[in-house]
Every structure is written in structure tokens, then in C-alpha cells.
Amino acid sequence: MQKPIGPICNLDCEYCYYLQKEELYPQSERWRMTDEMLETFIEQYITAQPKNQTEITFAWQGGEPTLLGVEFFEKAVELQKKYQPPGKTITNALQTNGVLLDDRWCEFFSKNGFLIGLSIDGPAELHDKYRYDKKGQPTFTLVLNGLKLLKKHGVEYNALTVVNRHNGSHGKKIYTYLRDNGIDFIQFIPIMEQLTEMTPERVAADTNLSETDRELGVSSRSVLPEQFGDFLVEVFDEWIKRDVGKVFVQIFDQALSAWMGIEPSLCVFRKECGRALAMEHNGDLFSCDHFVTPEYQLGNIKDLPIIELANSDRQQQFGKDKRETLPQYCLDCEVLFMCNGECPKNRILKTPDGKDGLNYLCAGYRKFFNYIDPYMKRMAVELQNQRPAANVMHQLNAERRSHSRQEIFPESHQPQRNSPCPCGSGKKYKKCCLVKQPKVKQALL
């Protein structure tokens, strides 16, 4: 991913780990990526893609990339067309807080097929807790206006929701709010702020820090491990009832891949990582967005091309370390095939036998992945038989109706065929639950 404005942002979100990256550069730094660097980057990035890859995706992040103005991205699109190889498609994804979106921005996104990631942490009372502007003012109303503009102009978008200590106990509320506002693609990102990576000023400003937080080594904003697991379970329970095949939650899609025997595509759940590099505004290339520190700087693309830096022995080892540094406790785990230790940045705890390298979120992920196991197995069977995974949703709903019917009417008091169905559907029993029960039994075979 590329950060053409570095960490500069118009918001001052409390949990943002990237704002403090300003300290990596002099105070006189000119944060805007130059036209020369933009062209160098686009040419090198396109050249670095595998020959058999037909689609090349540029991921623009920050900071807040819309601070650069529409003109910057108009120039980027022109340069992409200039260097676009025959037979290949170029697409763009841009992550934004949505505050600066207007008709001109959305017309540009629509015209050029941009996929927009919109940061929104739920309804106002949850979103505005940590996401405010430089004056400390809430941002929810502005974000909602941005969402309306994206819809108005037919821009493809998804939601990125940061799960934190404040909103982490409201999984169903957040999910249904996003879904009912027409958001069909959702990413849930757990926040874990490690105290040792925060500036002393930020630690001192965290007045809600508890002794438990200090023992865990995290901020008071960090979602608790089991809290995150419960959050995902809440969301899944709502999703499995009515939204399979309609709403796409990134972690559910990744899980289904794993249960199908396909390694997840998301870097945090892969056995090895190292292909999601981050480039700063001046061409400095880092091993990962979460490792933008001097020790993980691979070099600058003005000195060595992206393809050489990305394929260097140093970066290859960075990717392998994800797998090679896992403790035995993780290697023996029943959900290793899905989790793969998650992101190395979160491996700050010790295992029960005292070894380093346990993921802070382990308890939550383990709880969630074990919870969804029977559902994922059934969906995998449907897909393997070339049937839609949504069949499982219909099967489960039929089972619930059947169970409810048996609670209302014991076996000796079953309704007559032409009686009103006890499930409350308004249909005759013979046209409703009587004909559904055999189908459920057959589906379970």
C-alpha cells in the first residue's frame, strides 16, 4: 500500500497508530508526494507485478489521502494509463475517513472505478468515542454524509470498522446498523495498542489505563481478547440467520476459505506474510504497514526498484518469520489452519508454558473459530457440491421452526394437515412446516 501524504490526517482519532509516524521525519518535511515520485512509483509498481497477473491493484492510504485533492489522483490515473501493459486491468482502492467527500470526489471515484473503504465504527454514540477532528469535534455526521454521496454516485464501497474497548461489546448493534444502511461489505479490525510502541505522551494521556492493561501491556482503548471473540460471535449469529450470500464480512469469507482447504488470502491469516509492503510519500519502502520503523525500512525506490526490495532476502525472511517463530502451543492448536498465529505485531503474550510469541487476541480468535466450526463445515459441504453456501442459512432457519413447533405441540398433539401452522406463518400446516421437516432431515444426511 502507498501513503502519498504519509501520516498527515484531518482527524485525531485516539487509537490511530500511524499519526505518530510523523516523528520518523524532520519537522520541515514536505509530506505531499511529488509528481516525480508518483510517476517513479507507478512505473515500478506495475513492472513489479507477476507476468501472469491480469489485474493490478493500487491501494492508497494515509493519513488521509483525500487531503491531496482530486487533482493528485487524476494525475495518478493518467500515469497508470501511460504505463498500463496490454491485456492488463488496473484498479484502485482508497481508504478514507469520509469527512472531505463531496460530489466532485465521488464523481471522480465513480468515473474511474475506485473501490472506497469508509472508516465507520458504528452508530454515532460508538463512532464518535474515539474518532474526532483536530478540534475534538465528533465526525459521525460528516462520515454519514460521505456515505450518502458514495451511494448517490454509484461508487463501490465497503466499511472498515475498528473494534475497540468501547464498541467491542456491541457486535450485533454495529453489524445491523451497517447492514441496514446498505453496507454489504464489512471489515472488522481489532485495535491493540502496545504501550511500548506508544510515545510517553500518549501513554500519559491514557487516563483510563488499568492495572490489567499495564499487565497486558496495552492501552485502555484496546479491545480485550475474549471481548473481540464475543463480538465476532454476535455478528456471526445475526449474519447466519438472514445475510449469507447478501452481506460479506471479510473474516467470515476468510474462514470459509480455510474450511474449504484453501489458505486464506488475507496476510494476517496466511502461513507467511511479507507481500503487503508499505511505501511512504518520499519512496521509503517498509516491510509492512504495521512495521513502519527504521529497523524495517528496506530502502528507497529512488535507489533500488520496488521489485528488488520486495524480493530481497531480508524481506523474504520477514515473511517466513511469521511461521517460523510460532511457539509449539500455537502449532498444536486446533484452529492453526485458520489463524496461523494472526499478525506478528500482536504476538506480545507468553503461552501457558512460558514461551514468547502468543497472540494477544488468541483467546478471542480461538473462541470464535471453534464456535463457527459446525457452520463452516456445512457451508463447505454445500460449496463442494456446487450448491450455494446460503443453503445452510435456510436449513438452520427450518430447523429452528421445526424445534419451535415441537415445543408448542408435543408429538401427541401435532396439528391437523389443514390447521393453521403453529409457527405463526399464517399458512396451513400442510403447506408450511409439515413439508419442511423432511427437507431438513435430508439436508443433514
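Leaving aside neighbours within four places in sequence, Ile-5 is in contact with Trp-31, Glu-64, Pro-65, Leu-67, Leu-68 and His-281, where contact means heavy atoms within 4.5 Å. This is a predicted model, in which local features need pLDDT of at least 70 and side-chain atom pairs count only at pLDDT 80 or more, while totals for chains, interfaces and linings use all residues. Residues are numbered from 1 along each chain as its sequence is written, and side-chain values use heavy atoms, with hydrogens and water left out.

- Ile-5 is found in the segment before helix 1; helices (H or I, at least four residues) and strands (E, at least two) are DSSP runs, numbered from the N terminus.
- Ile-5 counts as buried because its relative accessibility is 8%; buried means under 20% relative accessible area, exposed over 50%, and partly exposed in between, with a 1.4 Å probe and protein chains only.
- From C-alpha to C-alpha, Ile-5 and Gln-61 are 8.3 Å apart in space, and they are 56 residues apart in sequence.
- The peptide bond from Gly-62 to Gly-63 is cis, with omega near 15°.
- Gly-63 is placed in the loop between strand 1 and helix 2 (70-83).

- Six strands form an open sheet in the order 1-2-3-4-5-6, with parallel pairing; two strands pair if DSSP finds at least two bridges between them.
- Strand 1 (55-60) and strand 6 (248-249) are at the edges with a single partner strand each, so one side of each has no neighbour in the sheet.
- Helix 1 (residues 35-48) packs on this sheet and touches strand 1 and strand 2 (89-96).
- The direction of helix 1 makes about 145° with that of strand 1; axes are lines fitted to C-alpha atoms, for helices over the stretch in contact, and angles run from 0 to 180 degrees between N-to-C directions.
- Five bridges pair strand 4 (residues 156-163) with strand 5 (residues 185-190) in the parallel sense.
- Val-162 stands opposite Ile-189 in strand 5.

- Strand 8 (residues 284-286) and strand 9 run antiparallel and are joined by three bridges.
- Asp-284 has Asn-300 of strand 9 opposite.

**Helix 10**

- Helix 10 (residues 250-259) is largely enclosed by the rest of the structure, because seven of its 10 residues are buried.
- The buried residues of helix 10 are Ile-251, Phe-252, Gln-254, Ala-255, Leu-256, Ala-258 and Trp-259.
- Their cover includes helix 9 (225-242), strand 6, helix 14 and helix 15.
- Gly-261 follows helix 10 and has a positive phi, near 85°.

**The loop between helix 14 and strand 10**

- Asn-340 is found in the loop between helix 14 and strand 10 (349-350), and Glu-342 also lies in the loop between helix 14 and strand 10.
- Asn-340 has a positive phi near 50°, in a residue other than glycine.
- Glu-342 has a positive phi of about 50° and is not a glycine either.
- Asn-340 counts as buried because its relative accessibility is 8%, and Glu-342 counts as buried at 4%.

**The cavity**

- On a 1 Å grid over the protein atoms alone, a cavity is a set of points where a 1.4 Å probe fits but cannot get out, and lining residues have an atom within 4 Å of a point.
- By this rule there is one cavity of 30 Å³ or more.
- The largest cavity holds about 130 Å³ of space; grid points are joined across faces, edges and corners, and a volume is the space filled by probe spheres set on the points.
- Helix 13 (328-331), helix 14 (336-339) and helix 15 (362-384) are the elements that give two or more residues to the lining of the largest cavity.
- Helix 15 provides the largest share of that lining, three residues.
- Residues lining the largest cavity include Tyr-329, Cys-330, Leu-336, Cys-339, Cys-362, Tyr-365 and Arg-366.
- The lining of the largest cavity has nine nonpolar, two polar and one charged residues; Ala, Val, Leu, Ile, Met, Phe, Trp, Tyr, Cys and Pro count as nonpolar, Asp, Glu, Lys and Arg as charged, and the others, Gly among them, as polar.

**The second largest pocket**

- A pocket is an open set of points with protein on both sides within 12 Å along at least five of seven lines.
- The second largest pocket has a volume of about 300 Å³.
- Its lining consists of 16 residues, of which Asp-12, Cys-13, Glu-14, Leu-19 and Arg-202 lie nearest its centre.
- By class, the lining of the second largest pocket has five nonpolar, two polar and nine charged residues.
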